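Have the viewer open as you read.

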Amino acid sequence: MSYDVAIVGAGIVGLAHALAASRLGLRTVVIDRDERAVGASIRNFGFITVTGQQAGDCWRRAMRSRDVWEEVAPQAGIRILHSGLVVVARRPEAARVLEAFCRTPMGKDCVLETAAEARRRSPYLEGIVEAAMFSPHERRVESRDAIPQLAAWLAERHGVEFMRRTAVKSVDTGRLETTAGTVEARAIVVCSGDDLATLFADRLAAVGVQRSKLQMLRLMPKKPLQLGAAVMTDLSLARYLGFAELAQAAALRARLQREQAAHLAAGVHLIAVQSADGSLVVGDTHVYGHTLDPFTDERCDELVLEELRAVIPSLDYAVTARWIGTYASLDDRLVLFDEPAPGVRLVVVTSGTGASTAFAIAEETIAGLVS
């Protein structure tokens, strides 16, 4: 079996590389040990986040990836469920962060609103609202549907081959040894996600890659509720680097430490998005380590729900699902690029931003490999 490009991993990062390679007319194979996507790529918000990503490469990649999602989604039968983002400022310090953000180039087309204006746009925001910012840039898909739809489209329309239920045992220049035999490829991209023990474990350990565990919930409102856009709050301003690296964020962070220390300790920040059936996907939390237990912590879920109720206090709901996800994490970078051997690239998104940035990352990686 011989290909122009072989990709290890059929999550969103691997699929993005398959798209980039196939668009250049390269014969491409994707190899994955599972029969279907079951990892981080489907255990998330399906939220293509632009506003709040770190200034520079990450924000640029998010903008480009958002554009690719818009190109690909209708062709692959993927539904864009809603667009945009409302960032609610519950405190004056948060409002000042939003004001500063809107003065940056990343704030172009974002609209800063008073509390009254925000409630007119989003009537459900009945809680403590100092101000709000609306961003038009974000998109929301249902990940557990979108990832298999994307893979099927790549196979049917772009001729990408998939080797499922196939483990890759080793990788070297031009060659992969798998449980299905040897695969040869001029270029190889390893998109192994949070598998830190199988391929290039020594290189991952050398830079300190670990795992982040997150908890999420699905809520069904008991009365009809139309979000219309994703929702974030002050806690997100302290976490997303596009906001958190602004000078004005220091005062907000100090106040949050006084008032919501438990939320910060559990890595809680609020994202709420809506599905086609009206349910809300809500999260999330962050716990770090190399081996993380597979259980949810009800206390952490309650911290997330407490933040949601602070901005939508009249929301009455039933919790219909709880789950965890894990992704690779690094303190000092958002994505790990490595060249373990000539013609081989190791690409690991280490910030939980795969859906938001992978398409742009893949275009850069494939262009560099085949140029």
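## Salt bridges

A salt bridge here is a side-chain nitrogen of Lys or Arg within 4 Å of a carboxyl oxygen of Asp or Glu. By that rule, the side chains of Arg165 and Glu35 form one, at 3.9 Å from N to O. The two partners sit 130 residues apart: Arg165 is in the loop between strand S7 (161-163) and strand S8 (168-172), and Glu35 is in the loop between S2 and S3. Helices (H or I, at least four residues) and strands (E, at least two) are DSSP runs, numbered from the N terminus. Before going on, note that this is a predicted model: local features need pLDDT of at least 70, side-chain atom pairs count only at pLDDT 80 or more, and totals for chains, interfaces and linings use all residues. Residues are numbered from 1 along each chain as its sequence is written, and side-chain values use heavy atoms, with hydrogens and water left out.

The structure has 30 salt bridges. Another one joins Arg203 and Asp338, at 2.6 Å from N to O. It ties together distant parts of the chain, with Arg203 in helix H6 (residues 201-206) and Asp338 in strand S17 (residues 335-341), 135 residues apart. There is also a network, in which bridges with shared partners connect Arg91, Glu93, Asp234, Arg255 and Glu259. Arg175 and Glu177 pair up as well, at 3.7 Å from N to O.

## How open are these residues?

Buried means under 20% relative accessible area, exposed over 50%, and partly exposed in between (1.4 Å probe, protein chains only). Arg165 has a relative accessible area of 62%, so it counts as exposed. Arg203, at 30%, is partly exposed. Arg175 at 37% and Glu177 at 26% are partly exposed too.

Thr28 belongs to strand S2 (residues 28-31), and its relative accessible area is 2%, so it is buried. Contact means heavy atoms within 4.5 Å. Beyond its neighbours within four places in sequence, Thr28 is in contact with several residues, including Tyr3, Val5, Ile7, Gly159 and Val160. Its side chain also reaches the backbone oxygen of Leu26 at 2.9 Å. That is a polar contact (a pair of N or O atoms within 3.5 Å; within protein, one must be able to donate a hydrogen and the other to accept it, and residues adjacent in sequence count only if both atoms are side-chain atoms).

Ser41 lies in the loop between S2 and strand S3 (47-48). With a relative accessible area of 14%, Ser41 is buried. Its side chain reaches the backbone nitrogen of Ile12 at 2.8 Å. Leaving out neighbours within four places in sequence, the contacts of Ser41 are Gly11, Ile12, Ser143 and Ile147.

## Helix H11

Helix H11 (residues 298-311) has 14 residues and spans 21 Å from its first C-alpha to its last, close to the 20 Å expected. The expected span is 1.5 Å times one less than the number of residues. At the start of H11, a side-chain oxygen of Asp297 comes to within 2.9 Å of the backbone nitrogen of Arg299. Among the buried residues of H11 are Cys300, Leu303, Val304, Glu307, Leu308 and Val311. An α-helix has 3.6 residues a turn, so residues three or four places apart point the same way.
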